[in-house]
Amino acid sequence: MQRITREMLTSKAISLLNDGTVSAVLGWREGEFSYDLTPSLFYTAEDIEQNFVFNDFCGANFSKYLVTKTLGIEGKILAFLKPCDTYSFNQLLTEHRIDRSKVYVVGISCDGMADISKIRAITGDGISSISCEPDGLKVQTIYDDEPKTVSYEDAMAERCICCKSKKHVCYDELIGEEGEENPDCNRFGKVAELEAMTPDERFAFWRGELSRCIRCNACRDVCPACTCEKCVFNNPNSGAENKAPATSFEEQMFHIIRAFHVAGRCTDCGECSRVCPQHIPLHLLNRKFIKDINTFYGEYQAGKEVGSRAPLVDYTTGDLEPGQVFEREGM
Amino acid sequence: MRKSLLTSVDSIFSKISESMALFLPVDDPTGRANYTRWEEGKKWSEALNTVKSPKDFFFPQVEDLMKFKVSGKNIELKNTAKIDEDFVVFGVRPCDVRSFDVLDNVFLSEPRDGYYAARRKHGIIVSVACSKPSETCFCHTFGIDPAGEYGDVTVWKGENELFWKANTEKGEKVMELISEFTESCDDNAADDIKAKIEKIAEKLPLRNLSAENFGGDKTDEYFDRPEWKSLSESCLGCGTCTFVCPTCQCYDIKDFNTGKDVIRFRCWDSCMYSEFTQMSAGQPRLTQLERFRQRFMHKLVYYPANYDGMFSCVGCGRCLKSCPIHMNIVKVMKTLGGKADE
Amino acid sequence: MSEIFEPLVPKLGVITEIRAETPDIKTFRVVTPDGEKPFEHKPGQCAMLSIPGVGEAMFSITSSPTVKEYMEFSIKKCGCVTEWLHQAEPGQMVTIRGPYGKPFPVDTEFVGKNLLFIAGGVGLAPLHSVINYCRANRDKYGRIDVVVGSRTKSDTLDYDEMVNEWAKEDNFGLHLTTDRSTPDWDGHVGFLPAFLTEIGFDTDRIAILCGPPIAIKLSLAALYELGFDKTQVYTTLEMRMKCGIGKCGRCNVGTKYVCKDGPVFRFDELDELPDEY
């Protein structure tokens, strides 16, 4: 359960709107069920009072929205950013994609978000309501008379289980307690497992996963590192435009090319895997790059500092030779 | 009506597979179901529905239409499509069977789409009634009965038995094929199952969602509604909703140069994509608002206008489960249609 | 067995002649490999041309249905397929399928009427087949006027044909204007809409408008000012198309698909559609 409550956020939002600090609030709008919240801009106190929601299903990363939402608005936007979101926000500032003066960042502490599909796997389908109680999520289904309790641990999204940091790297104001970085999060555990496979096993693993891809582009469109105004894959003049793979080889290439493109800029927010309708663990491709960069160039966390030079775009005489990368084991 | 033991279902699948390809929902390692070709060892999924809809069988995500050989100024054309083998799709839910009617209106109206027509001719649909609907189901809104008779054969799944009813000649043939595993039973044998489904369906949270405020004559009423702005504001412009949707039928035709030949293929396209309507001369749908509006106006107004009032949505709920920002047709209908009465 | 899958499978065609009309418009003559006209069509209808590996695109058929030997397309260089066509040479094969779309009502609503054709730039291309069809069936129609606005004289499509053939006929008025004055031009200089007002046509006729969106919009305003009614004015719409048969889903304006319900629309019909074209 989140220690931050809805009331903390709505009262902050309303007071900042009323005193003119911000002209809009980026928050979560209530849905049909308890878990289907939609990121949304709120312009009035009434709208916030009626429709603003904060609960354990507020996983969406708001940073990328600020790229476009700050363009069409007078004044500042209030953005509630979780620690992981602030890394993406900083990375976008580094890439000059957001005008910092247009955003009022309220950092909010986060206790890890829930994943509805994990809950569904426990309770079964037909979830009519979920309430976040101190002892767990009370899940009412149409098949049961009494609600079932799912512990926060069991419901927690994979990306939150190995959360890299509870510390905000950017904010104007903070609600809740500031946390710490978590170097022992074991986020590279699965990557190490894949590295330990034989090349054939690893190839089979990725083929199996990527064969489910329906090429909806949700991973790309949600990714805060993918902010090209016209992606090469939907530019008819690029020569690489395609909506569908002409061969299965191409399907694998799409994701690998994308992983290369965001290498060194990916903050490991995990949105790509969250939105994938086929639950392909796309974040593992990005984590592999992060792990390699750490190994070969020293620890680097994209988004930690605004303006930092990522190792892949920063030449130093100490850089390792290509051959050293090529000859290592466990590629 | 005939019945079979649930334990004999793999033998039935094996029997069908002997004479034609059989596809059915099978769980992948993450626990999600997708249609898969049956072979020894594949287990029929318990899931309510597949991530990708069965429209793939008749309107595949990618299909080669023809092949060209280009040399200098010369072009040779080869029609490469070959669709002449029967196949069975087992486990199609009533909503998805209805989606074929929606697609039929488009692809089988003149001029008929030959590729789609050939697949429809060779495809045999075995529907399975929904014993466990999800909160995201709203097929009732479009007059679909989760316990009803759809497809060439309908199957109702009980605790230990399956009940089978052939609805068409094609269905009779399948029933004949598996007759050694089934025995005749009373026509009312599945009534208990149907009643149970109906009782559950009454409890569905979207049970009362109505489409009556939408229809072919409503362009003026909805096109300029200010709510489109807030509804579409967070849309990522991805194609998830359109690609999991059983009724979305927009496509692109593209050429792929293999180096030896040029293959002209057709693939799913999405009205949510900016380049969908991009011309050298201009862009009629400039922002995501126009693209978002197009998708829902098409389903709730334009399609009914062109096809006798039928809606281009079957309430399967896939978009409710898959949209990265949880925006969907139910929210659109409630936001726009709810206020139309005031 | 090989089934025949109409209608997405095209016919083969050969470009037998290419004429440079203006600096950026060329006219392409297309026949089948046997030297026949690919198919019959009606005035205002379109066809899908493609070069495999380059792409397929929709073009209005410029030649009149009364021409039985070939089909012609006047094409402006403005995109991938058109740029490729512009560098092609006679003998180049293409693929062709059609005809697509609803034609101009030349055998119904136009019969017995005076006709006023108004074209801006390459907008003359789709009207060319209609005008020549009407000329070929001269006694079915009243007076014909053609007003064409181009950037300069050298940008004027079909100049020779218009001046040497059309303008010499009875009961036919040709009115040309150019946006800019150039040394080779001694005719009217000024924008198309203002030119219409200047000529001041009576409303006892049907007007057919074709051209870039801005020319259509302002010319329509000029016609309204002259007293024309929406039910008297026709135009054609242009949208991105892939199938040409109302199935691929992208060329609709509200409930209407431009590829099959258009491209010809009367302005009162357009008024009933949402403003998204």
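**View 1. Surroundings of A:Glu173 in the predicted model.** With 13 C-beta neighbours inside 10 Å, A:Glu173 counts as partly exposed, a class that lies between buried, which needs 20 or more such neighbours, and exposed, which applies at 12 or fewer. This view, like the others here, shows a predicted model. A:Glu173 belongs to strand S8 of chain A, which covers residues 173-175. Between the C-alpha atoms of A:Glu173 and A:Asp184, which are eleven residues apart along the chain, there is a separation of 27 Å.

**View 2. Packing of helices H4 and H5 of chain C.** Helix H4 of chain C (residues 192-199) packs against helix H5 of chain C (residues 213-225) at an angle of about 20 degrees, and their axes are 8 Å apart. Because angles under 35 degrees count as roughly parallel, H4(C) is described as roughly parallel to H5(C). The crossing of H4(C) and H5(C) is right-handed. From H4(C), the residues C:Leu192, C:Pro193, C:Leu196 and C:Thr197 take part in the contact, and they meet residues of H5(C) including C:Ala215, C:Leu218, C:Ser219 and C:Glu225. Taken together, the residues of this contact between H4(C) and H5(C) comprise eight that are nonpolar, two that are polar and one that is charged.

**View 3. A:Val25 in the largest nonpolar core.** The largest nonpolar core has 259 residues, and A:Val25, A:Ala79 and C:Ile208 are those with the most contacts inside it. When its neighbours within four places in sequence are left aside, A:Val25 is in contact with A:Ala13, A:Leu17, A:Leu41, A:Phe42, A:Ile48 and A:Leu78.

Conventions
Residues are numbered from 1 along each chain as its sequence is written. Chains are lettered from A and ligands numbered from 1 in the order in which they are written. This is a predicted model: local features need pLDDT of at least 70, side-chain atom pairs count only at pLDDT 80 or more; totals for chains, interfaces and linings use all residues. A nonpolar core is a set of buried Ala, Val, Leu, Ile, Met, Phe, Trp, Tyr and Cys residues joined through C-beta atoms within 7 Å. Two residues are in contact if their C-beta atoms, placed from the backbone, lie within 7 Å. Helices (H or I, at least four residues) and strands (E, at least two) are DSSP runs, numbered from the N terminus. Axes are lines fitted to C-alpha atoms, for helices over the stretch in contact, and angles run from 0 to 180 degrees between N-to-C directions. Angles under 35 degrees count as roughly parallel, over 145 as roughly antiparallel, 65 to 115 as roughly perpendicular and the rest as oblique. A crossing is left-handed if the near helix is turned anticlockwise from the far one by less than a right angle, and right-handed if clockwise. Ala, Val, Leu, Ile, Met, Phe, Trp, Tyr, Cys and Pro count as nonpolar, Asp, Glu, Lys and Arg as charged, and the others, Gly among them, as polar.
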